[in-house]
Each structure stands twice: as structure tokens, then as C-alpha cells.
Amino acid sequence: FLKRLPGSREITYSTLLGYDRLAHIIETGSCLQRKALLSSLCKLSLPSWGKHDVSTQLQDNHVEALICLLRMVHMYRDYILTEWYIVLGTFTELSYLSVASPKLSDEGYKGAVGVTS
């Protein structure tokens, strides 16, 4: 839903709350479950997954998904194991994007700047 309705704050909040509730899978789940959860959240953090398109712009839902991802990485860093390449690949793709995006609200911009500092 986040890819189709990125402007809906309620859908974004509900979706990321679901990810927060599923975060324990990183610690207790199988490798496949952990990979699926992290891959899905990494994809939500990027405007275009795997395309290295610098013309795409961050939106609020991308920043909020990235903050959720960072929270999980911080809490479960010892359990991510072989899935670090997914997370680091996401950070690499994000490094090509401009934080200054006209599609970001003031709150989204502050969140993006907070992540980069």
C-alpha cells in the first residue's frame, strides 16, 4: 500500500507500526523470514529499488521507512547476520539521492536531515 498510496499518513503509520511489531523476527525467526522483513523495509525506504536513478526524489514515506529500518538495525544489530548486505546496499543507494526534495514535507525534511547527520 505504501508504494501505491505514499501520501496517506495513516497508511504509512499503520504499515510501519506493523513492521515494528514484526521486528522480533530478526532475532527469533528463520533466515528467510529475516531476509524478507529487511528486504521489504529496505525497498520501502527507496523511491526506486535497484535502479540507481538519481532523478528520483525522496518522499515522507521513504524517510519514515528508513527511520524504522535504522531503529531495527540498532536494536537487532547482532542478529542481522548475513542480511547486512541488503541494509548496506540500501544505504548505498540512498547516498546517491538528494535530501532536498520538493516532495518532502517540513517534517520529512527534518527527519531526512536527522538521519544524515
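## Contacts and overall fold

Two residues are in contact when heavy atoms of theirs lie within 4.5 Å. The structure described here is a predicted model, and the contacts, angles and accessibilities below are computed from it.

The protein chain has six helices and zero strands, so that, read along the sequence, the pattern is α-α-α-α-α-α. Along its principal axes, the C-alpha trace of the protein chain spans about 40 × 30 × 25 Å. For 117 residues, a compact globule would have a radius of gyration near 13 Å, and the 14 Å of the protein chain agrees with that expectation. Buried residues make up 38% of the 117 residues. Of the contacts in the protein chain with a separation of 6 or more, 69% are made by residues 24 or more positions apart.

## Helix α1 against helix α3

Two packed helices are described by the angle between their axes and the distance between the axes. For helix α1 (residues 9–22) and helix α3 (residues 31–44), the axes come within 11 Å and cross at roughly 150°. Because angles over 145 degrees count as roughly antiparallel, α1 is roughly antiparallel to α3. The crossing of α1 and α3 is left-handed.

On the α1 side, the contact is made by Leu16, Tyr19 and Leu22, which meet Leu37, Ser40, Leu41 and Leu44 in α3. By class, the residues of this contact of α1 with α3 divide into six nonpolar, one polar and no charged.

## Helix α3 against helix α4

Helix α3 also packs against α4, where the two axes come within 8 Å and cross at roughly 145°. From α3, Leu37, Leu38, Leu41, Cys42 and Leu44 take part, and they meet Asn61, His62, Ala65, Cys68, Leu69 and Met72 in α4. The contact of α3 with α4 comprises nine nonpolar, two polar and no charged residues.

## Helix α4 against helix α5

The axes of helix α4 (residues 60–75) and helix α5 (residues 84–95) come within 12 Å and cross at roughly 140°, and α4 passes α5 in a left-handed crossing. In this contact, Leu66, Leu69, Leu70 and Val73 of α4 meet Trp84, Val87, Thr90, Phe91 and Leu94 of α5. Sorted by class, the contact of α4 with α5 has eight nonpolar, one polar and no charged residues.

## Residues in the loops

Ala23 is found in the loop between α1 and α2 (25–28) and, with a relative accessibility of 4%, counts as buried. The C-alpha atoms of Ala23 and Cys68 are separated by 9.8 Å, although the two residues are 45 residues apart along the chain.

Trp49 lies in the loop between α3 and α4 and is partly exposed, with a relative accessible area of 36%. Not counting residues up to four places away in sequence, Trp49 touches Cys42, Lys43, Ile86, Thr90 and Glu93. Trp49 and Ser98 are 49 residues apart along the chain, and their C-alpha atoms are separated by 16 Å.

Leu81 has its place in the loop between α4 and α5, where, at 52% relative accessibility, the residue counts as exposed. Most residues other than glycine have a negative phi. Leu81, however, has a positive phi of about 55° although it is not a glycine.

## Tyr109 in helix α6

Tyr109 lies in helix α6 (residues 106–116) and is partly exposed, with a relative accessible area of 40%. Beyond residues up to four places away in sequence, which are not counted, Tyr109 touches Val99, Ala100 and Leu104. The C-alpha atoms of Tyr109 and Leu97, which are twelve residues apart along the chain, are separated by 13 Å.

Conventions
Residues numbered from 1 in each chain as written. Predicted model: local features only at pLDDT ≥ 70, side-chain atom pairs only at ≥ 80, totals over all residues. Heavy atoms only, no water. Axes fitted to C-alpha atoms, helices over the stretch in contact; angles between N-to-C directions. Helix = DSSP H or I, 4+ residues; strand = E, 2+ residues; numbered from the N terminus. Parallel < 35°, antiparallel > 145°, perpendicular 65-115°, else oblique. Left-handed = near helix turned anticlockwise from the far one by under 90°. Nonpolar A, V, L, I, M, F, W, Y, C, P; charged D, E, K, R; others polar. Rg over C-alpha atoms; globule rule 2.2 N^0.38 Å. Buried < 20%, exposed > 50% of the residue type's maximum accessible area, 1.4 Å probe, protein only.
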